[in-house]
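Good morning, everyone. Please have a look at the sequence and the model while I set up.

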There are 2 protein chains.
Amino acid sequence: MNRHLLLISNSTNAGEAYLAWPAKDIEAFFKRFGIKKVLFVPYAGVTPGYDAYADKVAGVFAAMGVELDSVHRFEHPITAVQNAECIVVGGGNTFHLVQQMQRTGIMKAIREKVLQGCPYMGWSAGSNVACPSIRTTNDMPIVQPDSFDALNLVPFQINPHYLDANPAGHGGETREDRIREFMVANPDIYVAGLREATSLLVEGNRMELVGNRRMRLFKAGSEPREIEPGDVSFLLEK
Amino acid sequence: MNRHLLLISNSTNAGEAYLAWPAKDIEAFFKRFGIKKVLFVPYAGVTPGYDAYADKVAGVFAAMGVELDSVHRFEHPITAVQNAECIVVGGGNTFHLVQQMQRTGIMKAIREKVLQGCPYMGWSAGSNVACPSIRTTNDMPIVQPDSFDALNLVPFQINPHYLDANPAGHGGETREDRIREFMVANPDIYVAGLREATSLLVEGNRMELVGNRRMRLFKAGSEPREIEPGDVSFLLEK
(Lines give C-alpha, C1' and ligand atoms only; values in the text may rest on other atoms or scores of the structure.)
Protein backbone atom coordinates (compact mmCIF):
# COMPACT_ATOMS: atom_id res chain seq x y z
CA MET A 1 0.00 0.00 0.00
CA ASN A 2 1.38 3.37 -1.06
CA ARG A 3 1.15 5.51 2.07
CA HIS A 4 3.34 8.01 3.85
CA LEU A 5 2.04 8.79 7.32
CA LEU A 6 3.34 10.52 10.42
CA LEU A 7 0.96 9.80 13.32
CA ILE A 8 1.88 11.76 16.43
CA SER A 9 0.51 11.07 19.92
CA ASN A 10 0.35 14.66 21.18
CA SER A 11 1.10 18.13 19.89
CA THR A 12 2.71 19.39 23.06
CA ASN A 13 4.36 17.98 26.14
CA ALA A 14 3.22 19.47 29.46
CA GLY A 15 5.07 22.75 30.04
CA GLU A 16 6.59 23.01 26.54
CA ALA A 17 5.86 25.30 23.55
CA TYR A 18 3.16 24.28 21.05
CA LEU A 19 4.38 21.51 18.69
CA ALA A 20 7.88 21.82 20.17
CA TRP A 21 8.74 18.18 20.77
CA PRO A 22 7.69 16.79 17.37
CA ALA A 23 9.15 19.78 15.42
CA LYS A 24 12.21 17.93 14.13
CA ASP A 25 10.16 14.90 13.03
CA ILE A 26 7.63 17.16 11.32
CA GLU A 27 10.38 19.08 9.55
CA ALA A 28 12.11 15.86 8.43
CA PHE A 29 8.79 14.57 7.08
CA PHE A 30 8.24 17.77 5.06
CA LYS A 31 11.83 17.65 3.71
CA ARG A 32 11.65 14.00 2.69
CA PHE A 33 8.79 14.79 0.29
CA GLY A 34 9.91 18.32 -0.67
CA ILE A 35 6.69 19.77 0.74
CA LYS A 36 6.29 23.56 0.38
CA LYS A 37 2.61 23.86 1.33
CA VAL A 38 0.18 21.78 3.38
CA LEU A 39 -3.59 21.60 3.56
CA PHE A 40 -4.59 21.82 7.23
CA VAL A 41 -7.80 20.33 8.66
CA PRO A 42 -8.74 22.40 11.75
CA TYR A 43 -12.12 20.78 12.50
CA ALA A 44 -11.02 19.31 15.86
CA GLY A 45 -10.25 22.84 17.09
CA VAL A 46 -13.56 23.59 18.78
CA THR A 47 -12.42 25.95 21.52
CA PRO A 48 -9.85 28.05 19.65
CA GLY A 49 -12.01 28.28 16.50
CA TYR A 50 -10.72 27.35 13.06
CA ASP A 51 -9.06 30.67 12.18
CA ALA A 52 -7.05 30.97 15.37
CA TYR A 53 -6.10 27.30 15.22
CA ALA A 54 -4.93 27.44 11.61
CA ASP A 55 -2.94 30.62 12.31
CA LYS A 56 -1.20 29.05 15.30
CA VAL A 57 -0.11 25.99 13.33
CA ALA A 58 0.82 28.16 10.33
CA GLY A 59 3.22 30.08 12.57
CA VAL A 60 5.03 26.89 13.57
CA PHE A 61 5.21 25.58 9.99
CA ALA A 62 6.36 28.96 8.59
CA ALA A 63 9.53 28.63 10.68
CA MET A 64 10.16 25.39 8.70
CA GLY A 65 9.62 27.19 5.38
CA VAL A 66 6.25 25.51 4.79
CA GLU A 67 3.03 27.38 3.94
CA LEU A 68 -0.36 26.38 5.31
CA ASP A 69 -3.80 26.61 3.71
CA SER A 70 -6.70 25.66 5.94
CA VAL A 71 -9.49 23.60 4.41
CA HIS A 72 -12.19 25.62 6.20
CA ARG A 73 -11.29 28.65 4.06
CA PHE A 74 -12.07 26.88 0.76
CA GLU A 75 -15.42 27.05 -0.93
CA HIS A 76 -14.84 23.55 -2.29
CA PRO A 77 -13.08 21.51 0.39
CA ILE A 78 -13.03 18.28 -1.65
CA THR A 79 -11.22 20.04 -4.49
CA ALA A 80 -8.78 21.50 -1.96
CA VAL A 81 -8.00 17.96 -0.78
CA GLN A 82 -7.60 16.70 -4.34
CA ASN A 83 -5.05 19.45 -5.05
CA ALA A 84 -3.09 19.12 -1.79
CA GLU A 85 0.65 18.41 -1.56
CA CYS A 86 0.35 17.15 2.00
CA ILE A 87 -2.58 16.81 4.43
CA VAL A 88 -2.20 17.75 8.10
CA VAL A 89 -4.94 17.02 10.64
CA GLY A 90 -4.63 18.75 14.00
CA GLY A 91 -5.77 17.55 17.41
CA GLY A 92 -8.70 18.62 19.56
CA ASN A 93 -12.10 16.97 19.72
CA THR A 94 -12.26 13.81 17.62
CA PHE A 95 -16.08 13.70 17.43
CA HIS A 96 -16.26 17.23 16.07
CA LEU A 97 -13.43 16.48 13.64
CA VAL A 98 -15.12 13.40 12.25
CA GLN A 99 -18.55 15.04 12.07
CA GLN A 100 -17.16 17.88 9.97
CA MET A 101 -15.00 15.58 7.82
CA GLN A 102 -18.13 13.56 7.04
CA ARG A 103 -20.34 16.60 6.39
CA THR A 104 -17.88 18.26 4.03
CA GLY A 105 -17.12 15.00 2.21
CA ILE A 106 -13.38 15.24 2.87
CA MET A 107 -13.30 11.95 4.84
CA LYS A 108 -13.60 10.00 1.61
CA ALA A 109 -11.52 12.48 -0.40
CA ILE A 110 -8.60 12.37 2.06
CA ARG A 111 -8.58 8.58 2.13
CA GLU A 112 -8.43 8.43 -1.67
CA LYS A 113 -5.75 11.13 -1.87
CA VAL A 114 -3.52 9.51 0.77
CA LEU A 115 -3.80 6.08 -0.87
CA GLN A 116 -2.60 7.76 -4.09
CA GLY A 117 0.60 8.70 -2.22
CA CYS A 118 -0.13 12.13 -0.73
CA PRO A 119 1.75 12.44 2.62
CA TYR A 120 -0.48 12.63 5.72
CA MET A 121 0.37 13.94 9.15
CA GLY A 122 -1.83 14.02 12.24
CA TRP A 123 -1.51 14.49 15.94
CA SER A 124 -3.87 13.34 18.71
CA ALA A 125 -7.36 13.42 17.11
CA GLY A 126 -5.56 13.62 13.75
CA SER A 127 -3.82 10.30 14.48
CA ASN A 128 -6.98 8.72 15.79
CA VAL A 129 -8.86 9.58 12.61
CA ALA A 130 -6.25 7.71 10.53
CA CYS A 131 -7.48 4.47 12.16
CA PRO A 132 -10.42 2.30 11.08
CA SER A 133 -12.68 4.10 13.56
CA ILE A 134 -12.64 6.63 16.38
CA ARG A 135 -13.63 3.98 18.95
CA THR A 136 -10.40 4.46 20.94
CA THR A 137 -10.50 8.22 21.35
CA ASN A 138 -10.28 9.76 24.82
CA ASP A 139 -12.46 12.70 23.83
CA MET A 140 -15.89 13.76 24.98
CA PRO A 141 -18.69 13.00 22.47
CA ILE A 142 -19.81 16.64 22.29
CA VAL A 143 -21.50 16.13 18.91
CA GLN A 144 -22.79 13.01 17.19
CA PRO A 145 -21.12 12.16 13.89
CA ASP A 146 -23.00 10.11 11.28
CA SER A 147 -20.60 7.25 11.90
CA PHE A 148 -17.61 6.34 14.09
CA ASP A 149 -15.83 5.09 10.94
CA ALA A 150 -12.68 7.01 10.07
CA LEU A 151 -9.96 7.10 7.38
CA ASN A 152 -8.81 3.50 7.77
CA LEU A 153 -5.26 4.23 6.63
CA VAL A 154 -3.85 1.66 9.07
CA PRO A 155 -5.57 -1.56 10.20
CA PHE A 156 -5.22 -1.04 13.97
CA GLN A 157 -6.48 1.50 16.50
CA ILE A 158 -4.36 4.18 18.16
CA ASN A 159 -5.10 5.40 21.66
CA PRO A 160 -3.25 8.72 21.72
CA HIS A 161 -1.97 10.28 24.97
CA TYR A 162 -1.71 6.78 26.45
CA LEU A 163 -1.10 7.17 30.18
CA ASP A 164 -0.19 4.83 32.98
CA ALA A 165 -0.94 7.32 35.74
CA ASN A 166 -4.44 7.71 37.10
CA PRO A 167 -5.44 11.08 38.60
CA ALA A 168 -5.36 11.14 42.40
CA GLY A 169 -8.72 10.29 44.02
CA HIS A 170 -10.28 9.10 40.77
CA GLY A 171 -12.88 6.35 41.32
CA GLY A 172 -13.65 5.84 37.62
CA GLU A 173 -12.11 3.60 35.00
CA THR A 174 -8.38 3.80 34.26
CA ARG A 175 -7.21 4.09 30.67
CA GLU A 176 -6.38 0.40 30.68
CA ASP A 177 -9.88 -0.44 31.98
CA ARG A 178 -11.36 1.51 29.06
CA ILE A 179 -9.23 -0.30 26.50
CA ARG A 180 -10.18 -3.63 28.09
CA GLU A 181 -13.83 -2.70 27.53
CA PHE A 182 -12.97 -1.87 23.92
CA MET A 183 -11.38 -5.31 23.46
CA VAL A 184 -14.46 -7.13 24.75
CA ALA A 185 -16.62 -5.30 22.20
CA ASN A 186 -13.96 -5.38 19.44
CA PRO A 187 -11.87 -8.54 19.90
CA ASP A 188 -10.25 -8.64 16.46
CA ILE A 189 -8.24 -5.44 16.39
CA TYR A 190 -4.99 -4.26 17.98
CA VAL A 191 -4.95 -1.09 20.08
CA ALA A 192 -1.66 0.79 20.22
CA GLY A 193 -1.43 2.89 23.38
CA LEU A 194 0.80 5.70 22.10
CA ARG A 195 2.50 7.49 24.98
CA GLU A 196 3.25 11.23 24.98
CA ALA A 197 6.25 12.26 22.84
CA THR A 198 6.06 9.24 20.56
CA SER A 199 4.81 8.79 17.01
CA LEU A 200 4.36 6.20 14.29
CA LEU A 201 6.08 6.72 10.94
CA VAL A 202 4.54 4.67 8.13
CA GLU A 203 6.17 4.16 4.72
CA GLY A 204 4.15 1.74 2.62
CA ASN A 205 4.11 -1.52 4.58
CA ARG A 206 6.85 -0.50 6.98
CA MET A 207 6.15 1.23 10.29
CA GLU A 208 8.46 2.56 12.97
CA LEU A 209 7.71 3.62 16.53
CA VAL A 210 9.63 6.88 17.00
CA GLY A 211 10.52 8.39 20.39
CA ASN A 212 12.09 7.33 23.63
CA ARG A 213 9.09 5.58 25.15
CA ARG A 214 7.62 2.18 24.64
CA MET A 215 4.15 1.64 23.22
CA ARG A 216 1.60 -0.44 25.12
CA LEU A 217 -0.08 -2.88 22.77
CA PHE A 218 -3.46 -4.48 23.49
CA LYS A 219 -5.24 -7.39 21.83
CA ALA A 220 -8.16 -9.40 23.17
CA GLY A 221 -7.04 -12.74 24.58
CA SER A 222 -3.45 -11.68 25.35
CA GLU A 223 -1.85 -9.70 28.15
CA PRO A 224 -0.86 -6.16 27.11
CA ARG A 225 2.68 -6.00 25.68
CA GLU A 226 5.31 -3.28 25.96
CA ILE A 227 6.85 -2.60 22.53
CA GLU A 228 10.25 -0.92 22.16
CA PRO A 229 10.83 1.95 19.69
CA GLY A 230 11.84 0.68 16.26
CA ASP A 231 10.22 -1.57 13.65
CA VAL A 232 6.55 -2.33 14.35
CA SER A 233 5.56 -3.24 10.78
CA PHE A 234 3.73 -6.34 11.99
CA LEU A 235 0.86 -4.07 13.02
CA LEU A 236 0.24 -3.19 9.38
CA GLU A 237 -0.54 -6.81 8.52
CA LYS A 238 -4.29 -7.25 8.69
CA MET B 1 -43.02 16.48 36.95
CA ASN B 2 -43.49 13.32 38.95
CA ARG B 3 -39.99 11.89 39.32
CA HIS B 4 -37.93 10.30 42.07
CA LEU B 5 -34.27 10.04 41.12
CA LEU B 6 -31.01 9.30 42.88
CA LEU B 7 -28.13 10.12 40.53
CA ILE B 8 -24.78 9.10 41.97
CA SER B 9 -21.40 10.21 40.63
CA ASN B 10 -19.44 7.02 41.27
CA SER B 11 -20.06 3.57 42.69
CA THR B 12 -16.87 3.36 44.66
CA ASN B 13 -14.25 5.69 46.10
CA ALA B 14 -10.63 4.74 45.45
CA GLY B 15 -9.57 2.10 47.99
CA GLU B 16 -13.08 1.39 49.38
CA ALA B 17 -15.47 -1.55 49.01
CA TYR B 18 -17.90 -1.68 46.09
CA LEU B 19 -20.85 0.73 46.58
CA ALA B 20 -19.63 1.45 50.12
CA TRP B 21 -19.82 5.23 50.20
CA PRO B 22 -23.35 5.63 48.76
CA ALA B 23 -24.78 2.66 50.73
CA LYS B 24 -26.64 4.77 53.28
CA ASP B 25 -28.16 7.02 50.58
CA ILE B 26 -29.18 3.99 48.52
CA GLU B 27 -30.75 2.33 51.54
CA ALA B 28 -32.63 5.51 52.51
CA PHE B 29 -33.92 5.80 48.94
CA PHE B 30 -35.21 2.21 49.00
CA LYS B 31 -36.84 2.76 52.42
CA ARG B 32 -38.56 5.99 51.41
CA PHE B 33 -40.50 4.17 48.71
CA GLY B 34 -40.84 0.81 50.50
CA ILE B 35 -38.91 -0.94 47.73
CA LYS B 36 -38.46 -4.70 48.12
CA LYS B 37 -37.17 -5.54 44.65
CA VAL B 38 -35.39 -3.61 41.90
CA LEU B 39 -34.93 -4.15 38.20
CA PHE B 40 -31.22 -3.78 37.41
CA VAL B 41 -29.86 -2.69 34.03
CA PRO B 42 -26.35 -4.21 33.67
CA TYR B 43 -25.64 -3.17 30.06
CA ALA B 44 -22.77 -0.83 30.96
CA GLY B 45 -20.91 -3.79 32.50
CA VAL B 46 -18.82 -4.81 29.52
CA THR B 47 -15.78 -6.26 31.24
CA PRO B 48 -17.41 -8.17 34.10
CA GLY B 49 -20.26 -9.47 31.92
CA TYR B 50 -23.91 -9.06 32.84
CA ASP B 51 -24.26 -12.09 35.14
CA ALA B 52 -21.25 -11.30 37.29
CA TYR B 53 -22.19 -7.62 37.42
CA ALA B 54 -25.80 -8.29 38.45
CA ASP B 55 -24.64 -10.78 41.09
CA LYS B 56 -22.19 -8.30 42.58
CA VAL B 57 -24.81 -5.57 42.92
CA ALA B 58 -27.40 -8.10 44.17
CA GLY B 59 -25.02 -8.98 47.03
CA VAL B 60 -24.84 -5.36 48.15
CA PHE B 61 -28.60 -4.84 47.90
CA ALA B 62 -29.39 -8.13 49.69
CA ALA B 63 -27.68 -6.74 52.78
CA MET B 64 -30.30 -3.94 52.63
CA GLY B 65 -33.15 -6.46 52.35
CA VAL B 66 -33.76 -5.65 48.68
CA GLU B 67 -33.95 -8.26 45.91
CA LEU B 68 -32.54 -7.69 42.45
CA ASP B 69 -33.76 -8.94 39.06
CA SER B 70 -31.53 -8.14 36.12
CA VAL B 71 -33.21 -7.05 32.88
CA HIS B 72 -30.82 -9.15 30.76
CA ARG B 73 -32.40 -12.30 32.21
CA PHE B 74 -35.90 -11.47 30.92
CA GLU B 75 -37.22 -12.66 27.61
CA HIS B 76 -39.30 -9.49 27.37
CA PRO B 77 -37.25 -6.63 28.78
CA ILE B 78 -39.86 -3.96 28.05
CA THR B 79 -42.46 -5.88 30.08
CA ALA B 80 -39.90 -6.25 32.88
CA VAL B 81 -39.52 -2.46 32.93
CA GLN B 82 -43.28 -1.94 32.90
CA ASN B 83 -43.62 -4.21 35.94
CA ALA B 84 -40.69 -2.80 37.92
CA GLU B 85 -40.92 -1.32 41.44
CA CYS B 86 -37.66 0.58 41.02
CA ILE B 87 -35.11 0.83 38.19
CA VAL B 88 -31.39 0.80 38.91
CA VAL B 89 -28.82 1.47 36.18
CA GLY B 90 -25.22 0.59 36.99
CA GLY B 91 -22.04 2.24 35.75
CA GLY B 92 -19.47 1.07 33.23
CA ASN B 93 -19.34 2.00 29.56
CA THR B 94 -22.02 4.56 28.64
CA PHE B 95 -21.90 3.87 24.89
CA HIS B 96 -22.51 0.17 25.40
CA LEU B 97 -25.26 0.92 27.91
CA VAL B 98 -27.09 3.24 25.54
CA GLN B 99 -26.66 0.96 22.54
CA GLN B 100 -28.27 -1.92 24.43
CA MET B 101 -31.01 0.25 25.94
CA GLN B 102 -31.90 1.40 22.43
CA ARG B 103 -31.75 -2.08 20.89
CA THR B 104 -33.93 -3.68 23.55
CA GLY B 105 -36.41 -0.80 23.52
CA ILE B 106 -36.02 -0.14 27.24
CA MET B 107 -34.76 3.42 26.71
CA LYS B 108 -38.28 4.55 25.87
CA ALA B 109 -39.93 2.17 28.36
CA ILE B 110 -37.81 3.37 31.29
CA ARG B 111 -38.49 7.01 30.50
CA GLU B 112 -42.24 6.39 30.46
CA LYS B 113 -42.13 4.31 33.64
CA VAL B 114 -40.06 6.86 35.58
CA LEU B 115 -42.32 9.74 34.49
CA GLN B 116 -45.24 7.70 35.89
CA GLY B 117 -43.49 7.83 39.29
CA CYS B 118 -41.29 4.71 39.38
CA PRO B 119 -38.14 5.50 41.41
CA TYR B 120 -34.87 5.52 39.39
CA MET B 121 -31.33 5.16 40.65
CA GLY B 122 -28.12 5.31 38.65
CA TRP B 123 -24.42 5.71 39.21
CA SER B 124 -21.76 6.90 36.81
CA ALA B 125 -23.01 5.80 33.33
CA GLY B 126 -26.40 5.25 34.99
CA SER B 127 -26.49 8.93 36.01
CA ASN B 128 -25.26 10.09 32.65
CA VAL B 129 -28.03 8.23 30.87
CA ALA B 130 -30.66 10.08 32.94
CA CYS B 131 -29.62 13.29 31.12
CA PRO B 132 -30.85 14.55 27.74
CA SER B 133 -27.88 12.92 26.01
CA ILE B 134 -24.61 11.10 26.69
CA ARG B 135 -22.57 13.97 25.26
CA THR B 136 -20.79 14.59 28.60
CA THR B 137 -19.63 11.05 29.31
CA ASN B 138 -15.95 10.36 30.02
CA ASP B 139 -16.16 6.90 28.48
CA MET B 140 -14.54 5.46 25.40
CA PRO B 141 -16.90 5.09 22.40
CA ILE B 142 -16.25 1.36 22.07
CA VAL B 143 -19.51 0.78 20.19
CA GLN B 144 -21.71 3.15 18.19
CA PRO B 145 -25.25 3.60 19.51
CA ASP B 146 -28.03 4.62 17.13
CA SER B 147 -28.20 7.97 18.88
CA PHE B 148 -26.50 9.91 21.69
CA ASP B 149 -29.97 10.77 23.04
CA ALA B 150 -30.71 9.39 26.49
CA LEU B 151 -33.54 9.26 29.06
CA ASN B 152 -33.97 13.03 29.42
CA LEU B 153 -35.24 12.78 33.01
CA VAL B 154 -33.49 16.05 33.94
CA PRO B 155 -32.90 19.03 31.63
CA PHE B 156 -29.12 19.42 32.24
CA GLN B 157 -26.05 17.27 31.64
CA ILE B 158 -24.08 15.47 34.35
CA ASN B 159 -20.35 14.90 34.03
CA PRO B 160 -19.78 12.10 36.54
CA HIS B 161 -16.40 11.54 38.24
CA TYR B 162 -15.67 15.24 37.83
CA LEU B 163 -12.02 15.78 38.66
CA ASP B 164 -9.82 18.78 39.15
CA ALA B 165 -6.56 16.83 39.10
CA ASN B 166 -4.87 16.06 35.83
CA PRO B 167 -2.63 12.98 35.60
CA ALA B 168 1.09 13.74 35.85
CA GLY B 169 2.79 14.24 32.46
CA HIS B 170 -0.49 14.38 30.52
CA GLY B 171 -0.29 16.60 27.44
CA GLY B 172 -3.92 16.14 26.43
CA GLU B 173 -7.05 18.04 27.34
CA THR B 174 -8.08 18.43 30.98
CA ARG B 175 -11.62 17.62 32.05
CA GLU B 176 -12.43 21.32 32.08
CA ASP B 177 -11.01 21.71 28.53
CA ARG B 178 -13.35 18.94 27.39
CA ILE B 179 -16.39 20.55 28.98
CA ARG B 180 -15.42 23.89 27.42
CA GLU B 181 -15.48 22.15 24.03
CA PHE B 182 -18.93 20.77 24.89
CA MET B 183 -20.20 24.28 25.70
CA VAL B 184 -19.02 25.67 22.35
CA ALA B 185 -20.96 22.96 20.53
CA ASN B 186 -23.92 22.98 23.00
CA PRO B 187 -24.26 26.51 24.38
CA ASP B 188 -27.77 26.20 25.80
CA ILE B 189 -27.38 23.53 28.44
CA TYR B 190 -25.86 23.39 31.91
CA VAL B 191 -23.19 20.81 32.73
CA ALA B 192 -22.96 19.70 36.34
CA GLY B 193 -19.48 18.40 37.16
CA LEU B 194 -20.36 15.88 39.88
CA ARG B 195 -17.32 15.10 42.02
CA GLU B 196 -16.64 11.68 43.57
CA ALA B 197 -18.78 10.84 46.62
CA THR B 198 -21.60 13.21 45.70
CA SER B 199 -25.05 12.64 44.24
CA LEU B 200 -28.17 14.45 43.12
CA LEU B 201 -31.49 13.60 44.76
CA VAL B 202 -34.51 14.65 42.72
CA GLU B 203 -38.09 14.75 44.06
CA GLY B 204 -40.44 16.22 41.51
CA ASN B 205 -39.18 19.74 40.84
CA ARG B 206 -36.85 19.84 43.83
CA MET B 207 -33.22 18.73 43.66
CA GLU B 208 -30.54 18.49 46.31
CA LEU B 209 -26.77 18.07 45.95
CA VAL B 210 -25.84 15.43 48.53
CA GLY B 211 -22.31 14.88 49.86
CA ASN B 212 -19.46 16.88 51.29
CA ARG B 213 -18.08 18.27 48.07
CA ARG B 214 -19.14 21.14 45.89
CA MET B 215 -20.34 20.67 42.32
CA ARG B 216 -18.68 22.55 39.46
CA LEU B 217 -21.31 24.05 37.20
CA PHE B 218 -20.66 25.06 33.60
CA LYS B 219 -22.71 27.13 31.16
CA ALA B 220 -21.54 28.77 27.96
CA GLY B 221 -20.95 32.49 28.39
CA SER B 222 -20.28 32.34 32.16
CA GLU B 223 -17.27 31.37 34.24
CA PRO B 224 -17.66 27.95 35.93
CA ARG B 225 -19.33 28.21 39.36
CA GLU B 226 -18.74 26.19 42.52
CA ILE B 227 -22.07 25.11 44.03
CA GLU B 228 -22.39 24.10 47.69
CA PRO B 229 -24.28 20.95 48.76
CA GLY B 230 -27.99 21.64 49.33
CA ASP B 231 -30.83 22.93 47.17
CA VAL B 232 -30.00 23.05 43.46
CA SER B 233 -33.58 22.99 42.15
CA PHE B 234 -32.86 25.86 39.75
CA LEU B 235 -31.17 23.33 37.47
CA LEU B 236 -34.50 21.58 36.91
CA GLU B 237 -35.99 24.70 35.32
CA LYS B 238 -35.61 24.38 31.60
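A word on the ground rules. This is a predicted model, where local features need pLDDT of at least 70, side-chain atom pairs count only at pLDDT 80 or more, and totals for chains, interfaces and linings use all residues. Residues are numbered from 1 along each chain as its sequence is written, chains are lettered from A and ligands numbered from 1 in the order in which they are written, and side-chain values use heavy atoms, with hydrogens and water left out.

Chain A first. Chain A has 7 helices and 12 strands. Both are DSSP runs, numbered from the N terminus: helices are H or I with at least four residues, strands are E with at least two. The radius of gyration of chain A is 17 Å, close to the 18 Å that the globule rule gives for 238 residues, so chain A is as compact as a globular protein of that length. That radius is taken over C-alpha atoms, and the rule is 2.2 Å times the number of residues to the power 0.38. Along the principal axes, the C-alpha trace of chain A spans about 45 × 35 × 35 Å.

How much of chain A is buried? The figure is 62% of the 238 residues. Buried means under 20% relative accessible area, exposed means over 50%, and partly exposed lies in between, with a 1.4 Å probe and protein chains only.

Now contacts, meaning heavy atoms within 4.5 Å. Of the contacts in chain A with a separation of 6 or more, 69% are between residues 24 or more positions apart.

On to strand β10 of chain A, residues 215-218. Met215(A) and Leu217(A) point one way, Arg216(A) and Phe218(A) the other, and all are buried. Strands pair if DSSP finds at least two bridges between them. β10(A) pairs with strand β7 of chain A, residues 191-195, antiparallel over 3 bridges. There, Ala192(A) stands opposite Leu217(A). β10(A) is also joined by 3 bridges to strand β11 of chain A, residues 225-227, again antiparallel. Here Leu217(A) faces Arg225(A). The hairpin of β10(A) and β11(A) has 6 residues between the strands, and Gly221(A) takes a positive phi near 90° in that hairpin.

Arg206(A) counts as partly exposed, at 44% relative accessibility. Leaving out residues up to four places away in sequence, Arg206(A) touches Leu201(A), Asp231(A), Ser233(A) and Leu236(A).

Over to chain B. Which strands form the open sheet of 8? The order is β3-β2-β4-β5-β1-β8-β9-β12, with mixed pairing. The edge strands are β3 (67-70) and β12 (230-231), and each pairs on one side only. Inside that sheet, β1(B), residues 4-8, and β5(B), residues 120-123, pair in the parallel sense over 4 bridges. Leu5(B) has Tyr120(B) as its bridge partner.

Last, strand β7 of chain B, residues 191-195. All 5 of the 5 residues are buried, so β7(B) is largely enclosed by the rest of the structure. Val191(B), Gly193(B) and Arg195(B) lie on one side, Ala192(B) and Leu194(B) on the other. Strand β6 of chain B, residues 157-162, runs parallel to β7(B), joined by 4 bridges. Ile158(B) stands opposite Ala192(B). With β10(B), residues 215-218, β7(B) runs antiparallel over 3 bridges. Gly193(B) stands opposite Arg216(B) there.
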